[in-house]
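My notes follow the structure.

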Amino acid sequence: MTAFLMLSLGTPAQTNVREVIRLDEGWKFAFGHASDPSKDFGCGTEYFNYLTKANSIHNEGPYAKKFNDSTWQDVRIPHDWVTTLPYANAASHSHGYKTVGYKYPETSVGWYRKVINIPPDDLGKHIVLQFDGVFRDARVWFNGFYMGTEPSGYATQIYDVTEYVDYGGENLICVRADASLEEGWFYEGAGIYRDVWLVKSAAVSVAPFGTFVHADLEAPYDKAVVTIETEVNNHALAPQDCDVEQRLLDAEGREVGRTDAVSLRLLAKQTLGCKQTLMLDKPHLWSPTDPYLYKVETIVRVDGRVTDVYETTTGIRDIVFDADRGFVLNGQPLKIKGMNMHQDHAGVGAAIPDALQAWRIRQLKTLGCNAYRASHNPMTPALLDICDREGMLVIDENRLAGINQEHLRLLENMIKRDRNHPSVILWSNGNEEWGMENTVQGRRVAAAMTEYARLLDPTRPSTIANSGGAEMIKGLEVVGFNYILQNNVDTRKKENPAWKIIGTEETTGCGTRGVYFDVPRRTGHMRALNLTPDKDGTENRIERGWQFYAERPWAAGLFYWTGFDYRGEPNPLSYPAHDSEFGIFDYCGFPKDEAWYLKAWWTDEPVLHIFPHWNLQGHEGEEVELWVYSNCEEVELTVNGRKLARQAMPPNGHLKWKTVYQPGKVVATGYRNGRRIMTETVETTKPASRIVLKADRASIAADGRDLSVVTVEVQDVKGRMVPDACQMIEFILEGDGRILGAGNGDPSYLGGDHPETSDCHAFSIPVFNGLAQVLIQSGRTPSSLHLSGTGENLKAGSLAIQTE
């Protein structure tokens, strides 16, 4: 166990009681069985099972303390057991052909056990277990007592274990996850793939996710009325009187506001709420370019003694979706330049560490991306914290539309958990509900969900992403359109001028990184769709979405499908392809050519990018097209010493030339105001000669969780990346750390990308078109980690990473 946070006021009249402990180490794991109880450790088959009696003496399964788990595997959380499973043609297409799901009962149920010690002096405190996400159909036991179940793999689960604790002794946590059924139509992984926490607080304390901080402000934004709504629990067996006070702290920790105390009389086991306000002069507003964060301390006192200090990080900003001006932030229209993102990455699957989440957000930001749509499920809380800090706008999305208890409790779970995050600008109540989009029932459900969301959070609007239907969108507050070709957006806007519109999905037209010619489908690769005109005549399909939304002031902006490649949905291909290839970045986060299109038009940084690369062996003498993405006003191309026509760059467009391929060199020269401002060169390289390793960070924390993203590049003797190199590389790590995973961005690579053990120091994977990636995670002892990479006929590469 690792102590993560202890909150206190630092005054004599207090009790240090709110402690949040991350439970990431010391877990045991084993496969159960989805269809044969005898292979599932006899779960539920006892004479008096866990549903008939609380902690029956007849319990024999993994939830019993006496169960022997000595042969189980040691794992760390987050953990996605699917990463080590093989691929199979018979497996689920939508989930990337991994051998999990109803066809594979022997690898679709996973069991976890962990023993924790809770000291005797914790008696009298309130003890809670919190799971940020378990995929899926999780059942949880504590000391043999059945705590409950959560069908959804995306809901945060909270279990009160106070009365079940063995104070001063060992306490068993047991979880069974069953991934037999799919909740989405994309790779979802399996297991405890998000963080687990043990939270200790006083008997009288703030409820989990029990604060809601929001601000009323208007131009000129020189004052803000900050409202703090709080729910306080009394877990004691007798009535309690308490006082609740709020402090507002700026980013430097200085107090900039304080409320008067509010008194509450709570009956035993009662929860009550209160609402308090304070005035803030000259608020520092949160925005993508200045993501300034405040902190609220909610202080609870009983008999004058502090029993709880609950911290809420938030930001102050004004958001409006307007029918004429689009998205307006702090009084100024801001065009949303967004990406849809799923929650998996090469080498780790769905179990993405926080440091890797942050790296992925920074990769998106290099293109000028300012918004993230959580497709198609609520995000992990750690990622929302990162978006707050990085200034990334967010559409937070509910998994399934509906208005009955099962649907609404999940909607409430998401909104109450996430509504303090300034990055969240829009709730999405669902996505592409084909069965309701063209029905009056769909319109009613959409309108009802809009109002339910408003009850939980009146400060933000909500939407549902629409794939072409005509009825459901009539019940929406903000209309989300998936693909302008399917929705005839201009006509609908003309017919409904009061509609507030955002492009929730638009195609990137991407393909496999580094593939420029048609190849057999059996390779699992494809050239970018952008190189072939679409049915409406659009040649560079990525342009269609951006040009449409950029030219219309009433449109809030768009989200491309997708930011990164993700496992599953390899349409229009099939096995051995197992990844969707429409990402601006591949599965490792290496940019495809289209990344430079967006960078050219989404940033002010000068951009000049030529493709394809010039290692086109086998195509000598053939006519090829050379494309350029750039924000230069004019571009001139020189191919093997021969100048081609100088062309003017159309706004939000691209340029292309035809030439005959021969090995050599292509030089692009960019001009502004008639003056040359930059050049870019691609050359035919020499054969692969050496391995070069580059870490995104040379120093990381020695906390067992931090991570360095290592790019592996194969170069020729002149130091040029060889864009068609695919050699196998063997990696060795020395020091207190581990190889967490690896990848290469190849959407049809059927080898392993995740180690079989939790303490891996040797791993092999080929580079794909010149690149691969290794994820190095720290241990807990400060040291120097040394990573080396070797390959046949290649000079070895190495680097050092410090952990401190």
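**Helix packing**

I looked at helix 1 and helix 2 and found them oblique to each other, since angles under 35 degrees count as roughly parallel, over 145 as roughly antiparallel, 65 to 115 as roughly perpendicular and the rest as oblique. The axes of helix 1 (residues 354–365) and helix 2 (residues 381–390) cross at roughly 40 degrees and come within 10 Å. Axes here are lines fitted to C-alpha atoms, for helices over the stretch in contact, and angles run from 0 to 180 degrees between N-to-C directions. Helices (H or I, at least four residues) and strands (E, at least two) are DSSP runs, numbered from the N terminus.

I noted that this is a predicted model, in which local features need pLDDT of at least 70 and side-chain atom pairs count only at pLDDT 80 or more, while totals for chains, interfaces and linings use all residues. Residues are numbered from 1 along each chain as its sequence is written, and side-chain values use heavy atoms, with hydrogens and water left out.

I listed the contacts, meaning heavy atoms within 4.5 Å: Asp-354, Gln-357, Ala-358, Ile-361, Arg-362 and Lys-365 of helix 1 meet Ala-382, Leu-383, Ile-386, Cys-387 and Glu-390 of helix 2. These residues are six nonpolar, one polar and four charged (Ala, Val, Leu, Ile, Met, Phe, Trp, Tyr, Cys and Pro count as nonpolar, Asp, Glu, Lys and Arg as charged, and the others, Gly among them, as polar).

Next I took helix 3 (residues 405–418) and helix 4 (residues 440–456), which pack at about 40 degrees with their axes 10 Å apart. Their crossing is right-handed. Helix 3 contributes Leu-408, Leu-411, Glu-412, Ile-415 and Lys-416, and helix 4 contributes Met-449, Tyr-452, Ala-453 and Leu-456. I sorted the residues of this contact into seven nonpolar, no polar and two charged.

Helix 7 (residues 541–550) packs against helix 8 (residues 594–602) at an angle of about 25 degrees, with the axes 11 Å apart. Helix 7 is therefore roughly parallel to helix 8. Ile-542, Glu-543 and Trp-546 of helix 7 touch Glu-594, Tyr-597, Leu-598, Trp-601 and Trp-602 of helix 8.

I found an open sheet of three strands in the order 33-34-38, with antiparallel pairing (two strands pair if DSSP finds at least two bridges between them). Strand 33 (608–611) and strand 38 (655–660) each have a single partner strand, so one side of each lacks a neighbour in the sheet. The twist averages 25 degrees from one strand to the next. Strand 34 (residues 623–630) is joined to strand 38 by six bridges, and Glu-623 has Val-660 in strand 38 as its bridge partner. Helix 8 packs on this sheet, touching strand 33 and strand 34, and makes about 35 degrees with the direction of strand 34.

**Aromatic rings**

I counted 36 aromatic pairs, where rings of Phe, Tyr and Trp (its six-membered ring) pair if their centres lie within 6.5 Å; planes under 30 degrees apart count as stacked, over 60 as edge-to-face and the rest as tilted. Phe-41 lies in the loop between strand 3 (27–31) and strand 4 (73–75), and Trp-111 is in strand 5 (residues 109–117), 70 residues apart.

Note on methods
Left-handed = near helix turned anticlockwise from the far one by under 90°.
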